[in-house]
Amino acid sequence: MNARHALTFRGILCIARVVWLSIQGISPQEAYYAMCGDRLAPAFFDGPPGTAFLLHCLSIATAGSLEIARLAWPVLALLASWLAYLLARTLYGETVAGWTIAALNALPVFNEHATNPGPAMPTLALVLAGILAAQSAREGRRTDWTIAALFFSLAALFRYEAVLVPFGFAVALLIPVFR
């Protein structure tokens, strides 16, 4: 699957997810995140504040419309899928990259988080962007380490577990097989 076909595939899936969201009503989980976005705090009972801050910003951009703000999640899924494609293409080639995004988009958990506002999709996109920047830095662009650290830090605002990704990447750099 070349880059143009992969982009077409991801675009069709994004449109399908937007259509799916437009015919669905707002779920209690979405209403909860919108409520947290209205009452910002440094942390919430169920996790870090990233999702609430993102929904707050989207609410401002969409004039308070949760129906429009929640359409950002299919776009985040498109972004995460594109970043996964770029990472797989960088590491393994174009054929593997095509199969990677096909497999990623076939996962029920990915599709669930692509259509339900929550912390998983922004975290995935930021972690993939951080790994791409770290891979770029590993190949010789020294300033990309700072960008990778920024993406990993932002990912930790959505899920605390994202803090473990840079450590895993550092361990992978130390193992001779991955060098």
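Residue numbers run from 1 along each chain as its sequence is written. Because the model is predicted, local features need pLDDT of at least 70 and side-chain atom pairs count only at pLDDT 80 or more, while totals for chains, interfaces and linings use all residues; side-chain values use heavy atoms, without hydrogens and water.

R70 lies in the loop between α4 and α5. Helices are DSSP runs (H or I, at least four residues), numbered from the N terminus. With a relative accessible area of 3%, R70 is buried; buried means under 20% relative accessible area, exposed over 50%, and partly exposed in between (1.4 Å probe, protein chains only).

**Salt bridges**

A salt bridge is counted when a side-chain nitrogen of Lys or Arg is within 4 Å of a carboxyl oxygen of Asp or Glu. By this rule the count comes to two salt bridges. One joins the side chains of R70 and E30, at 3.0 Å from N to O. This pair links distant parts of the chain, 40 residues apart, with R70 in the loop between α4 and α5 and E30 in helix α2 (residues 28-38). Both R70 and E30 are buried.

R159 forms a salt bridge with E161, and their closest N and O atoms are 3.0 Å apart. R159 is partly exposed, at a relative accessible area of 34%, and E161 is partly exposed as well, at 46%.

The expected span of a helix is 1.5 Å times one less than its number of residues. The table sets out two helices with their spans from first C-alpha to last.

| Helix | Residues in helix | Span | Expected span |
|---|---|---|---|
| α3 | twelve residues | 16 Å | 16 Å |
| α5 (residues 72-92) | 21 residues | 30 Å | 30 Å |

The buried residues of α3 are G50, T51, A52, L55 and L58. These buried residues pack against α2, α4 and α5. L54, also in helix α3, counts as partly exposed at 25% relative accessibility. L54 touches W73, L76, P122 and F158, not counting residues up to four places away in sequence. L54 and A69 are 15 residues apart in sequence, and their C-alpha atoms are 9.4 Å apart in space.

Helix α3 is followed by A63, whose phi is positive. A63 has this positive phi, about 60°, although it is not a glycine. The residue is placed in the loop between α3 (50-61) and α4 (66-69), and A63 is exposed, with a relative accessible area of 75%. Helix α5 is followed by G93, whose phi is also positive, near 110°.

**Packing of α7 and α8**

Helix α7 (residues 108-115) and helix α8 (residues 120-138) pack at an angle of about 110°, with their axes 8 Å apart. That makes α7 roughly perpendicular to α8. Axes are lines fitted to C-alpha atoms, for helices over the stretch in contact, and angles run from 0 to 180 degrees between N-to-C directions; roughly perpendicular covers 65 to 115 degrees.

At this contact, F110, H113 and A114 in α7 meet A120, M121 and L124 in α8. By class, the contact has five nonpolar, one polar and no charged residues. Nonpolar comprises Ala, Val, Leu, Ile, Met, Phe, Trp, Tyr, Cys and Pro, charged comprises Asp, Glu, Lys and Arg, and the others, Gly among them, are polar.

Definitions and conventions: Helix = DSSP H or I, 4+ residues; strand = E, 2+ residues; numbered from the N terminus. Parallel < 35°, antiparallel > 145°, perpendicular 65-115°, else oblique. Contact = heavy atoms within 4.5 Å.
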